[in-house]
Amino acid sequence: MYRNWIEVAVGVLALGYGLYSLYQRIKSPERIGKLASMKRVYGAKAGTAIHLALYSIIPIAFGLILIASGIFGVDIFGR
């Protein structure tokens, strides 16, 4: 079975970024400048939701998809 280790590596990086971003949001959200500016522009609730989706949920989902596709031999990036 063919495995694409480049996709797995990029998936691990995306997963790590998403988890780190989520950790930072929980641990010390005041240190995240983009979160504060999004709250100022879109309001507290919408800014928090947009930041959570863009910087945590989407990278985690993308990382998991890349890891799975690389292990099961599905080429997302193409050859």
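Me: In which helix is the place of Phe72?
Reply: Phe72 has its place in helix α3. Please bear in mind that the model is predicted.

Me: Does one call Phe72 buried or exposed, and why?
Reply: A residue counts as exposed when its relative accessible area is over 50%. Phe72 reaches 58% relative accessibility and therefore counts as exposed.

Me: Which residues form the nonpolar patch on the surface?
Reply: Phe72 is one of them, together with Met1, Ile6, Val10, Phe62, Ile65, Ile71, Val74, Ile76 and Phe77. Taken together, these residues have about 1000 Å² of accessible area. Two elements, α1 (5-27) and α3 (44-72), each give two or more residues to the patch. Helix α3 supplies the largest share, four residues.

Me: How should I read the packing of α1 and α3, and at what angle do their axes cross?
Reply: In general, the angle between the axes and the distance between them describe two packed helices. Here the axes of α1 and α3 come within 7 Å and cross at roughly 155°. Angles over 145 degrees count as roughly antiparallel, so α1 is roughly antiparallel to α3.

Me: What is the handedness of the crossing in which α1 passes α3?
Reply: The crossing of α1 with α3 is left-handed.

Me: At what angle do α2 and α3 pack?
Reply: Helix α2, which spans residues 33-42, packs with α3 at an angle of about 135°, and their axes are 7 Å apart. The two helices α2 and α3 are therefore oblique to each other. Their crossing is right-handed.

Me: Where is Leu35, and is this residue buried or exposed?
Reply: Leu35 lies in helix α2. A residue counts as buried under 20% relative accessible area; Leu35 has 4% and is therefore buried. Leu35 and His51 are 16 residues apart in sequence, while their C-alpha atoms are 6.1 Å apart in space.

Me: Where is Ile32 found, and does this residue count as buried or exposed?
Reply: Ile32 is found in the loop between α1 and α2. With 15% relative accessibility, Ile32 counts as buried. Ser21 is eleven residues from Ile32 in sequence, and the C-alpha to C-alpha distance of this pair is 9.2 Å.

Methods:
Residues are numbered from 1 along each chain as its sequence is written. This is a predicted model: local features need pLDDT of at least 70, side-chain atom pairs count only at pLDDT 80 or more; totals for chains, interfaces and linings use all residues. Side-chain values use heavy atoms; hydrogens and water are left out. Patches are made of residues with over 30% relative accessible area and no salt bridge: like charges are joined within 9 Å, nonpolar side chains (Val, Leu, Ile, Met, Phe, Trp, Tyr) within 5 Å. Accessible areas come from the Shrake-Rupley method with a 1.4 Å probe; for residues, only the protein chains shown count as cover. A salt bridge is a side-chain nitrogen of Lys or Arg within 4 Å of a carboxyl oxygen of Asp or Glu. Buried means under 20% relative accessible area, exposed over 50%, partly exposed in between (1.4 Å probe, protein chains only). Axes are lines fitted to C-alpha atoms, for helices over the stretch in contact, and angles run from 0 to 180 degrees between N-to-C directions. Angles under 35 degrees count as roughly parallel, over 145 as roughly antiparallel, 65 to 115 as roughly perpendicular and the rest as oblique. A crossing is left-handed if the near helix is turned anticlockwise from the far one by less than a right angle, and right-handed if clockwise.
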